[in-house]
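Welcome! Please take a moment to look over the sequence and the 3D view, and then we can walk through a few places together.

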Amino acid sequence: AFSMEDEEIPILHTTATVNGEHIAKAAGTQTISDVVSYKHLIPGKEYTVTGKLMDKSTGKVLIQDGKEITTSITFTPAEPDGTVTVEFTVDASLLAGKTTVVFESLSKEGKELAVHADIDDEGQTVHWPEIHTTATIDGEKTAQPAEQITITDTVEYSGLTAGQEYT
């Protein structure tokens with residue numbers, strides 16, 4: 001039988017971005033902010049949210065400096081529903097051409113209560129485009145001086161979002 005004392009099952013939803021966007025420059029140090037919204041927590045109790053940064057192409061946790069890229073934050077909610085932000089600081093040059101997805105889990109007293117881990121969830125996804133160019137003159141890297149030459153610059157890219165317009 002259900003009673004009012006029974007706890008409701010906690011629910012997590014997350015949105016991961018870099019500077020508010022789901023696409024980021026794969027250079028330098030970047031911070032992925034994952035806003036975790038939760039429902040049905042017990043006010044005054046301590047909870048931990050643990051996030052993992054996943055490589056969408058492999059389905060595995062990304063590695064930086066020989067360690068998995070994970071972050072945990074412990075908090076005590078004042079209300080049953082709210083948000084907490086988990087941040088991942090990464091060397092974005094390691095992510096060029098990749099698509100990353102943040103997985104989050106919520107635990108209390110070491111017990112996992114809720115998980116948000118959908119590798120196909122765009123809300124948890126950040127894309128890191130990669131671009132390379134190769135300039136040639138008639139397929140060569142050198143040319144004789146002439147009045148007029150045509151330089152062909154071939155642009156290769158990966159990690160862009162299908163259906164988005166780019167310049």
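How do the residues of the lining of the largest pocket divide into nonpolar, polar and charged? There are 9 nonpolar, 1 polar and 2 charged, where Ala, Val, Leu, Ile, Met, Phe, Trp, Tyr, Cys and Pro count as nonpolar, Asp, Glu, Lys and Arg as charged, and the others, Gly among them, as polar. Before going on, note that this is a predicted model, in which local features need pLDDT of at least 70 and side-chain atom pairs count only at pLDDT 80 or more, while totals for chains, interfaces and linings use all residues. Residues are numbered from 1 along each chain as its sequence is written, and side-chain values use heavy atoms, with hydrogens and water left out.

Back to the pocket. On a 1 Å grid over the protein atoms alone, a pocket is an open set of points where a 1.4 Å probe fits, with protein on both sides within 12 Å along at least five of seven lines, and lining residues have an atom within 4 Å of a point. The largest pocket has a volume of about 260 Å³, a volume being the space filled by probe spheres set on the points, which are joined across faces, edges and corners. Its lining includes Lys-25, Pro-129, Glu-130, Tyr-157 and Thr-167. Two elements, β12 (130-136) and β13 (152-158), each give two or more residues to this lining; strands are DSSP runs (E, at least two residues), numbered from the N terminus.

Now find Thr-14, in strand β1 (residues 11-17). Thr-14 is buried, with a relative accessible area of 0% (buried means under 20%, exposed over 50%, partly exposed in between, with a 1.4 Å probe and protein chains only). Its side chain makes a polar contact of 3.2 Å with that of His-116 and another of 3.5 Å with that of Gln-124 (a pair of N or O atoms within 3.5 Å, one able to donate a hydrogen and the other to accept it; residues adjacent in sequence count only if both atoms are side-chain atoms).

Finally, Ile-149 sits in the loop between β12 and β13 and is partly exposed, at 41% relative accessible area.

Terms used. Helices (H or I, at least four residues) and strands (E, at least two) are DSSP runs, numbered from the N terminus.
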